[in-house]
Amino acid sequence: MKKLVYYAVLFVFSFVIQFLCSKYINVLGIFPNFILLVVVYFGLSKKTVTAHLMGFLFGLMWDVFSTDIFGVRAVMFTIVSYLSGRIFKSFDINEIFSQFFIVFLAEVIYWLGFTLIPFIILGNSVPAADYIEIILTIIIAPAIFRFLNKVILV
Amino acid sequence: MCQRRTSKYEDIIFAVLLLIGFSFIIGRFTSTVNFIKNFIYYFSYSNLSLVNYVFHSVENLADSIKTIVHVRRKNIVYKQKNKELADKLRNYKAVVEDYDNLSKLLKLAKIKNFVSVFARISVRDPSKWYQWFIIDKGNMDGLYNELPVVMFNKKKGAFCAVGRIMETYSSSSKVALITNAFCALPVEIKGKGINCLAEGFNSSLLKITYIPCDTDVKAGDEIVVSELSSVFPKGTPVGIINEVLGEPYIDFKTATAKVFFEIDNVYKTVVLMPEVET
């Protein structure tokens, strides 16, 4: 029960950071994908089932508030959390450059899925990835990982 | 980071979640998916809006604190300025007292002091651009006819002659510019002590007349109000000589002068009112 409350608080906190803090902290109106970092972090370090569930719920909530195809983010965050645990487990995740690389790959996977799924389903033209957001997310990744290292219960 | 813990159900749960996700994507127009979407939306929106409200409150609080700090800083600066000005006023009062005592003892005529009344130009007729304008101060502000009107020239850092009050009403006054053809102002060439007359001719320039022929007056010389003026204080800057026109067979030379006040950009003026002795 204690853990459930803890994850709920973390869930709300992540949403607050992503959607409300972006008004105050942004670069040219662009805010890094904080939720993706949390999902990658969970995929790397926490219970894998929790990571998948968190990724799925994060994506679902984001989908609810967005106007994109409902379920795309839920699928992509679940995939990112799964791949984080599977592919990147051989990396030394305490290394800053490893963190940069992992987040970069996670961003690439996320954007690929996020653009290809609507393309396959709707036949829409593939929108360009938000490069500034990707770069910002990669840059802040070590700081966020260090912060999460301190606040997340093991 | 902590060690990764794997579960035997990991792959199954991943597959289930993917299945649910894709079913949401495929069935996004169905009533069931819409119901789920709306349910999550209404459930979470209230919480997010509450958090948003808290954020707004914190933001307002931060703004208020910032304002308080800013006002406090300003207050400190103003207090300091106030103290300095109070010191200056004390010194000024002491100087005035000394001056009064000395003028009584030496039986000297007192120098006229002026009170500045700041006025805004309310009417300026384009067809009479160089002749007159109306200011928003009048009888009620203590103004009366024949008072000098000046304007601060930033380049010179001094008040320059603009005109004089011709007609006064309760809350407005008509000012005749020195460039008005009806105006003539006794002036002198600064630093040379040559007395002459500055006449307006309804243009942006002044006509300087009665310059003695044997005097060395050239373009660039500054003209100021002379002692003979009954309107402006002596030494008030008027303009600068533009061109000297002289004929060898006449007694006086004539020149044109450019006025110092910004004739086309005059919006605010200062009326110099002699201080009333109490």
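1. Basis. The model is predicted; local features require pLDDT of at least 70, side-chain atom pairs count only at pLDDT 80 or more, and totals for chains, interfaces and linings use all residues. Residues are numbered from 1 along each chain as its sequence is written, while chains are lettered from A and ligands numbered from 1 in the order in which they are written.

2. Overall make-up of chain B. Chain B holds two helices and 12 strands, where helices (H or I, at least four residues) and strands (E, at least two) are DSSP runs numbered from the N terminus. Read from the N terminus, the order is α-α-β-β-β-β-β-β-β-β-β-β-β-β. Of the 278 residues in chain B, 24% are buried; a residue is buried if 20 or more other C-beta atoms, placed from the backbone, lie within 10 Å of its own.

3. Contacts within chain B. Among contacts with a separation of 6 or more, 55% link residues 24 or more positions apart. Two residues are in contact if their C-beta atoms, placed from the backbone, lie within 7 Å.

4. Contact with chain A. Chain B contributes 27 residues and chain A contributes 30 residues. On the side of chain B, the elements giving two or more residues are helix H1 (10-26) and helix H2 (31-106). H2(B) provides the largest share, 10 residues. By class, this side has 16 nonpolar, six polar and five charged residues. Ala, Val, Leu, Ile, Met, Phe, Trp, Tyr, Cys and Pro count as nonpolar, Asp, Glu, Lys and Arg as charged, and the others, Gly among them, as polar.

5. Strand S3 (residues 148-153) of chain B. Two strands pair if DSSP finds at least two bridges between them. S3(B) runs antiparallel to strand S4 (residues 158-168) of chain B, joined by six bridges, and Met151(B) lies opposite Cys160(B) in S4(B). Four residues separate the strands of this hairpin, in which Gly157(B) has a positive phi near 70°. S3(B) also pairs antiparallel with strand S12 (residues 268-274) of chain B over two bridges; there Val149(B) has Val271(B) as its bridge partner.

6. Strand S11 (residues 252-259) of chain B. S11(B) pairs antiparallel with strand S8 (residues 205-212) over six bridges, with Lys207(B) opposite Thr256(B). Strand S10 (residues 237-245) likewise pairs antiparallel with S11(B) over six bridges, and Gly239(B) is partnered by Val259(B). The covered face of S11(B) carries Lys253(B), Ala255(B), Ala257(B) and Val259(B), and the uncovered face carries Phe252(B), Thr254(B), Thr256(B) and Lys258(B). In a regular strand the side chains alternate between the two faces of the sheet.

Key. Buried ≥ 20, exposed ≤ 12 C-beta atoms within 10 Å, placed from the backbone.
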